[in-house]
6 protein chains.
Amino acid sequence: MSHAFPQPLDAYQVPRFAGLPTFMRLPAFEDPAQVQIALLGIPWDGGTTNRAGARHGPREVRNMSSLIRRVHPVTGLSPYDAVRVGDLGDAPVNPIDLLDALKRIEGFLASIHAAGAVPLSVGGDHLVTLPVFRAIARQRPIGMVHFDAHSDTNDRYFGDNPYTHGTPFRRAVEEGLLDPKRTVQIGIRGSLASASDTDFAEQVGIRIITMEEFADIGVEATLREARRIVGNEPTYVSFDVDVLDPAFAPGTGTPEIGGMTTLQAQQLIRGLRGLNLIGADVVEVAPPFDVGGCTALVGATMLFELLCIVAESVADRALQTPK
Amino acid sequence: MSHAFPQPLDAYQVPRFAGLPTFMRLPAFEDPAQVQIALLGIPWDGGTTNRAGARHGPREVRNMSSLIRRVHPVTGLSPYDAVRVGDLGDAPVNPIDLLDALKRIEGFLASIHAAGAVPLSVGGDHLVTLPVFRAIARQRPIGMVHFDAHSDTNDRYFGDNPYTHGTPFRRAVEEGLLDPKRTVQIGIRGSLASASDTDFAEQVGIRIITMEEFADIGVEATLREARRIVGNEPTYVSFDVDVLDPAFAPGTGTPEIGGMTTLQAQQLIRGLRGLNLIGADVVEVAPPFDVGGCTALVGATMLFELLCIVAESVADRALQTPK
Amino acid sequence: MSHAFPQPLDAYQVPRFAGLPTFMRLPAFEDPAQVQIALLGIPWDGGTTNRAGARHGPREVRNMSSLIRRVHPVTGLSPYDAVRVGDLGDAPVNPIDLLDALKRIEGFLASIHAAGAVPLSVGGDHLVTLPVFRAIARQRPIGMVHFDAHSDTNDRYFGDNPYTHGTPFRRAVEEGLLDPKRTVQIGIRGSLASASDTDFAEQVGIRIITMEEFADIGVEATLREARRIVGNEPTYVSFDVDVLDPAFAPGTGTPEIGGMTTLQAQQLIRGLRGLNLIGADVVEVAPPFDVGGCTALVGATMLFELLCIVAESVADRALQTPK
Amino acid sequence: MSHAFPQPLDAYQVPRFAGLPTFMRLPAFEDPAQVQIALLGIPWDGGTTNRAGARHGPREVRNMSSLIRRVHPVTGLSPYDAVRVGDLGDAPVNPIDLLDALKRIEGFLASIHAAGAVPLSVGGDHLVTLPVFRAIARQRPIGMVHFDAHSDTNDRYFGDNPYTHGTPFRRAVEEGLLDPKRTVQIGIRGSLASASDTDFAEQVGIRIITMEEFADIGVEATLREARRIVGNEPTYVSFDVDVLDPAFAPGTGTPEIGGMTTLQAQQLIRGLRGLNLIGADVVEVAPPFDVGGCTALVGATMLFELLCIVAESVADRALQTPK
Amino acid sequence: MSHAFPQPLDAYQVPRFAGLPTFMRLPAFEDPAQVQIALLGIPWDGGTTNRAGARHGPREVRNMSSLIRRVHPVTGLSPYDAVRVGDLGDAPVNPIDLLDALKRIEGFLASIHAAGAVPLSVGGDHLVTLPVFRAIARQRPIGMVHFDAHSDTNDRYFGDNPYTHGTPFRRAVEEGLLDPKRTVQIGIRGSLASASDTDFAEQVGIRIITMEEFADIGVEATLREARRIVGNEPTYVSFDVDVLDPAFAPGTGTPEIGGMTTLQAQQLIRGLRGLNLIGADVVEVAPPFDVGGCTALVGATMLFELLCIVAESVADRALQTPK
Amino acid sequence: MSHAFPQPLDAYQVPRFAGLPTFMRLPAFEDPAQVQIALLGIPWDGGTTNRAGARHGPREVRNMSSLIRRVHPVTGLSPYDAVRVGDLGDAPVNPIDLLDALKRIEGFLASIHAAGAVPLSVGGDHLVTLPVFRAIARQRPIGMVHFDAHSDTNDRYFGDNPYTHGTPFRRAVEEGLLDPKRTVQIGIRGSLASASDTDFAEQVGIRIITMEEFADIGVEATLREARRIVGNEPTYVSFDVDVLDPAFAPGTGTPEIGGMTTLQAQQLIRGLRGLNLIGADVVEVAPPFDVGGCTALVGATMLFELLCIVAESVADRALQTPK
């Protein structure tokens, strides 16, 4: 049966450096109705307040995703045997006009959502998650497991700008897209602009597991807490690569030392298996700062880890849904 | 007399790697009235349609300008003996909001202009020249010697966006800030989006000396033509580092092969000596793409070349003006 | 009529960093019969005797080709208005087995040739030109304008190996694929293994214009000589990026200082306009040594220059051929 | 009250890439009497026996310190609310003459010390700590918590040279500046020139906690031991970035694999809270070897961690001292 | 007595950047009979299926080995006091012809083996271990402790190629060179081409300790298991740098995130002390991908760790063997 | 006869990346009496006033010299057929003590000179030429053709330091080692510390051909002038890589834009054929700033160009000298 599903190019036949770099070497699709999971890029960093470059993220993550193979090493399962996955290309963007860009991205995601496909996107800076939420969470707020060095719940920048990569989740809560009670942020750390930086998150009920707490309680306890918070309702996973220490992911706009290892991040993602997942993203891979390309490889591998757990969730739901 | 003027730190006493990296190791000033020439940064690249990064230009050009000494090797003159020059810091910007950024930049430049100082700015992408013009050319249109691989007279991007780093000079002509008949563009080259790309420039009377023509006629004839066009009226010099071949200036957003050498660029700037210069800029140094830092050094050196000719012009006018 | 032909993505609508990086942002094709000119990659460097890496050339040249626009700046013409051009993907290769790789490449090129499409390929090391010749010049030997620092007419390596990137044109002459009397090599330079290095080329009648001679006689005389040699018969253009000075093209396996500028190379390619061109390639772009990516940009731009002259030739022949 | 103290530039108003890169974006001061804690650079690496470059450390640490915010994430406190902190610029140096350099540095530090300010310096190679000690510990020997891969208690180099970055703490003990019984070295590791390398340290009573022991006993036990050794007497903290694994801090002159993570280093510094701290430094950031700039970011962040604990100590002493 | 043995250059006399970069700054030898342990390079990566470059590994590991000192920090012993160690240069290779290369390498190793010297080699890609085994394990199969992200027991590539860097240990088992029952692979991880990827290893009895298991059971338990498996019989240690996380060793052909730290790797090697060691290697250091050179330093340091345990083993056997 | 002379390793047998990187892959010698021309490194940059790193120059120039072949492309001659050439290793240095370093270097060069060998050295910063002169020009002053962006005839730095890389030729004239009347400096350019910077050179009669003059008069006239000045008396050639534009040689301590191309430099060196050459050097290759390694390749190639003309001169003198 699995042969009916799109498969990555076989590296035993076509070397990894050959061929067009689609995500995971999968076929490219234009019609989201042909896939159950839509891999897509959102090449836009217009919300970046300091070091831009994440606009180039989708291209380099696609490039390095040629190194990823088909089967997950722990489960022994391939997402491509479970569901139809394809590369839907990039969302339309506007590098010059922030509000227009948010609309274009939302429109693209809405068409994917309308077609019944689950989006797995690669940013772009973290503001791109907001139009994704607008596309998929209009009906009712969703939960989120959020990996990041930063809470991204700030309010205003440079006078009165409400939209930057430091504000998406405040806006998402305000817009009723994100249920703060079902939101957990893991890996938060780094110096603060003010002691009140996390006031909003705390007031609305977002659970912050700082890097310090994570280092203290470990992967297992963190996972128990995260799963308790999001429960069985629809949940999104947002993975900002700056949750990782810059040793592991230097190519990002706002690096903070003292972060997580990739192994810990993998263990955390794997531990989310079985949740009711309705989308995920990997954001803030900024190739111009990614000397050597390792961060793009990290992004591609985390995308695969996310794909594996989302694919199981999609397949499960498909089984439960009468056609 | 020269000792009354601000001087760079002496590298025979303080090594070049020491001290705060102001432009040319000059003192920093907050009040433009204290200088005749204001060196300033415009750290903004919100008009960039492809590879951002020029927002980091002023910082790195300041950094590499520590390698520049006081005296011009050909004239044997020091601009710091002729006029008061200082580092006025960076224009305020807004990396998130294009229109707000243009206003902030214009405001800062207007205050410099009002104080009687001549601006010598380091971008930023080329759109920053537009608010500079708005600040200094409101009264009557100015002439320009423009070094660039691109004419930057396009019209609209991504739908209907009139402001990008590909449009400043079309806007400047439309707004009556730039006199197209007194405008010469040197070094234009590279593939075109359409055969009509230069129609606007030609229709309004801008003289384009393509790289091909420049290679054909050489430095001297180019200079004669440029001087003929701008004449003795107030003239601005805008130097986009992508006029140089990427071998000489790789750290830029829109590199085009087949460009000029730095020696040719120096000869051209030196040949503008004696013009009636009212401002100049160096733009599109994009440090994230500047492996090795050579482009920032090029930017700093070209800034010094411009400073030398502008200083002479400012000093000349000061002599001619009864106080 | 031109609208019937495949066109690159419009950068005024889709920014250059977005979308899959096909050559020139053209549509991808699987069937060579759908195009008149087939852009293709040959990602293989198994003939490399020192620094490998050209296997990654096609991917990075595709990547940087997003910066190239539609219309040639000197002629004002677009190749996409003249002929059907598309990205045919990569030739199949075998990074482990040299002889098998040569066969696979030849097979892919033969299918393109059989379909009536003209190949414009991106290597790969220079040995890839040999299987291209085997595919397109079996019937009668072709002429060649060859840009390179090296003559590539050596005989044996590491004992008795006849096939390396230093031998393709000796083999091509021996196999009757290349007419040495109609072959000109431009830019040859660099220290020699032995004073007899060029004996073979001279004996069979290949005309070598060394870098020293080129520097002496200039572009125009070089072009006259090249055109005289190849005449109006079918001619191939092979462009090894190491003909350029390493300042312009550092990302290559066998750099030799004292080379050509990109501007000179562009002038030379443009001067081949009107020849009877039946194929071309750009080889030896080695991304692992291409710090900053400039060499891939050079490769992409030279590919566009070649495309423009080949497109005219193909269009001319199409006009002359009764359907 | 806190508003009376110097504050960093607000990144919500002025983007991080704008403005002169002082340490932490603080105001620059010339008179040390105006601050309680003097941030300063010591741009000198004349004691380096292998890979020089730390002379450029202060500039790049200043540059990356633009990414640090005001408030410590664990304590929720800002050092800038507790004490007056400013950037005092760079110590005078002499890159050509070692003994003269040591004198110049000592003089600058002595003036800071005389003004009652506590120095927090950024090297430079580790030999710069010796003239700091000569300036602040002449009256009686001080204690030290020393983070490093190397004990830096060697004796002679290249014949009979007593001063290199491998000898400062032997000299400091010999000169009665450093109390070896109140000195603990943490993270020592790497191959030794001879089995007797640590004889001096052991004989004078320095406590070495090797990386192996640290890995064994962990952060808490290490902190207990360190605090026991230095007690409540005046203590200096010297942080050589090579205590970190090169994955976290590649840009240093003498990298040793198998080092600490930044998170461990942060936990260790944080655990020194409450000690009687009279100065600190971050040394051996060598930008020419710091591909990507991460080591400078690490240096800036560790400087902030040190600033936070030193500020508390300075504020405590100020409270206890009748004015 | 130790003075009779070859010693590294003394860095207190000759700075590390001076002199020819032999392994560990040891004397070079041509006759293997003059040493007990032969350090050698195998500069060949013809078995690489994706990113080549390990051919440059020996040169850069030699280069960075100048940073390694004489004495092990934990044992306080120097291998150069225990046995005669020297740099035997590089094995002859053929970058163009895989089978010829395997023969040349085997021949060189056979001559070392015949001379009674134990080989400690630096690759090259992992296929180089196969000809080493052919040279030293013809008489009876040996055991192996294998550090790697990949099992390297695949079967066929690109049609029917039996020899790549993904197949050496399958071939070694088939050829009776490697005893699978005495083989343990540590650190295996990363996505799989198929769920059956490890079937061969499991069927022949190779013990795989995945990265996940290692993270779970820790260094001590892993060592107990490894020592139990290989026992006291002749054992080889093969260290592929990709067992390390790319943060620690980015310069390799097939990086996999989620790997080991260098400290863990050092602890593991140190824990093999006392085994009956008959050879070792460090492979897959690929300098073209090693931005900053850290991976070569890691390779050099791991080579030293291996040298220390192999030297003890060689010295022990020498004591037990009547001369 | 040539077979009696030392020859480079043959790259047709041993690939360029294999083997120890001696200069030009020549045999290493300890006794200078065994060679007529001694290639040597002087790994020392203690005279550097800004960006150090040239201490690593000899190692990287040796490394890249593996790419140079045996025979000069223009003359068709091999220096290894004319004279005995070998790699004599590195001069002893002291990175900590300037005066001691100058003595050590002089001593090493004196032993080479005493043995009758002609030194061809690779620096190191330009101060290393002073001890070379002290070793070879004690008896009477020599002439010099000096390629450089800087005259290097400054007087005092950082107070009263007479020895830096900006002073060697003032000292050499003062010490009677260098005949200023027979000295020509080519390529001088860049901003000056003071208009009097070249006063000393002019007063003692050194002929400066600035970059501007060189660009004006060309290679041939420059050569005529240079040959006229130095005449037939003993002459040294000193090649500072910063004479080249940073596009061609970025890896140097004091880059100045607007420099020479490598082709021009090669033409100039080739044009010195037939002079009475008694030594030469290539200095200021600074690998830490040499992203991509091109500058080391330039250094190695220019060393070969120098070797070819020096070898002819040495061979000529040998013919004229009765044995």
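Mentor: Start with the pair formed by chains B and A, where 18 residues of chain B are in contact with 18 residues of chain A; two residues are in contact if their C-beta atoms, placed from the backbone, lie within 7 Å. On the side of chain B that touches chain A there are 8 nonpolar, 8 polar and 2 charged residues. In this classification Ala, Val, Leu, Ile, Met, Phe, Trp, Tyr, Cys and Pro are nonpolar, Asp, Glu, Lys and Arg are charged, and the others, Gly among them, are polar.

This is a predicted model, in which local features need pLDDT of at least 70 and side-chain atom pairs count only at pLDDT 80 or more, while totals for chains, interfaces and linings use all residues. Residues are numbered from 1 along each chain as its sequence is written, and chains are lettered from A and ligands numbered from 1 in the order in which they are written.

Chain E gives another kind of interface with chain A. Here 22 residues of chain E are in contact with 26 residues of chain A. The side of chain E that touches chain A divides into 13 nonpolar, 6 polar and 3 charged residues. Chain E is laid on chain A by a turn of 120° and a shift of 0.0 Å along the axis, with an RMSD of 0.0 Å. These two copies are thus related as by a three-fold rotation axis. E:Ala247 is the residue of chain E that comes closest to the rotation axis, with its C-alpha at 3.2 Å. The copies use different surfaces, and 9% of the contact residues of chain E recur in chain A.

Chain A and chain F do not touch, and their nearest C-alpha atoms are 12 Å apart.

Within chain A, UniProt (unreviewed entry) places the feature "binding site" at A:Asp148, A:His150, A:Asp152, A:Asp240 and A:Asp242. They span 95 residues in sequence, yet no two of their C-alpha atoms are more than 12.0 Å apart, so they gather at one spot. UniProt positions follow the numbering used here, feature names are shortened, and annotations may be inferred rather than shown by experiment. A:His150 is in the loop between β4 (142-147) and α5 (168-174) of chain A; helices (H or I, at least four residues) and strands (E, at least two) are DSSP runs, numbered from the N terminus.

Two backbone details remain. A:Gly123 and A:Gly124 are joined by a cis peptide bond, with omega about 10°, and A:Gly124 sits in the loop between β3 (118-123) and α4 (129-136) of chain A. In chain D, D:Asp152 has phi near 55°, a positive value in a residue other than glycine, and lies in the loop between β4 (142-147) and α5 (168-174) of chain D.

Note on methods
Copies are superposed by least squares on the C-alpha atoms of residues with pLDDT of at least 70 in both.
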